[in-house]
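Subject: Structure handover

Hello,

I am passing on the structure below, as it is new to you. My notes on what was found in it follow.

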Amino acid sequence: MLMFFFLVVALAVVVAAVTLAVVGGGESAPLPEAAPERLDDPLPPDRPVGRADVDALRFPLALRGYRMADVDDVLGRLGAEIAERDARIADLETALAGARTSGPTHGRPVEGDQQ
């Protein structure tokens, strides 16, 4: 019976020591809180995103793959930039079509025309 009591006390001491080592200690704890790994947006804020920017983009790994919020943010930004470029291309094509239909002005020959 004495041996059983000794084993229970030893087990309680080991459990208490492990619990204090993991939970207690604050800043000096053996297992301090790790800062969550977040995407440091590498896309350039001052110019349009280029092919090399997308090729160099790497997402931090999460428990099961990638963080959905990080991927959604980047895809949202890329989608907005593509929509902006599409609108700009449409505007330029409209302006070019308008310039072609109006033809040369004031009787000046257009480059490449022969007289």
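The buried residues of helix α3 have α2 (51-56) as part of their cover. This is a predicted model, and the buried residues in α3 include Asp70, Val74, Leu78 and Glu81. On spacing in general, residues three or four places apart on an α-helix point the same way, because the helix has 3.6 residues a turn.

Helix α3 takes in residues 68-102, which makes 35 residues. At 1.5 Å a residue it should therefore span 51 Å, and the distance of 51 Å between its end C-alpha atoms agrees with that.

Together with Leu2, Phe5 and Val13, Val9 makes a nonpolar surface patch of about 430 Å².

For the protein as a whole, there are three helices and two strands, in the order α-α-β-β-α from the N terminus. The protein has 115 residues, and 10% of them count as buried. Where contacts join residues at least 6 apart in sequence, 48% of them are between residues at least 24 apart.

Regards

Key. Residues are numbered from 1 along each chain as its sequence is written. This is a predicted model: local features need pLDDT of at least 70, side-chain atom pairs count only at pLDDT 80 or more; totals for chains, interfaces and linings use all residues. Side-chain values use heavy atoms; hydrogens and water are left out. Helices (H or I, at least four residues) and strands (E, at least two) are DSSP runs, numbered from the N terminus. The expected span of a helix is 1.5 Å times one less than its number of residues. Buried means under 20% relative accessible area, exposed over 50%, partly exposed in between (1.4 Å probe, protein chains only). Contact means heavy atoms within 4.5 Å. Patches are made of residues with over 30% relative accessible area and no salt bridge: like charges are joined within 9 Å, nonpolar side chains (Val, Leu, Ile, Met, Phe, Trp, Tyr) within 5 Å. Accessible areas come from the Shrake-Rupley method with a 1.4 Å probe; for residues, only the protein chains shown count as cover. A salt bridge is a side-chain nitrogen of Lys or Arg within 4 Å of a carboxyl oxygen of Asp or Glu.
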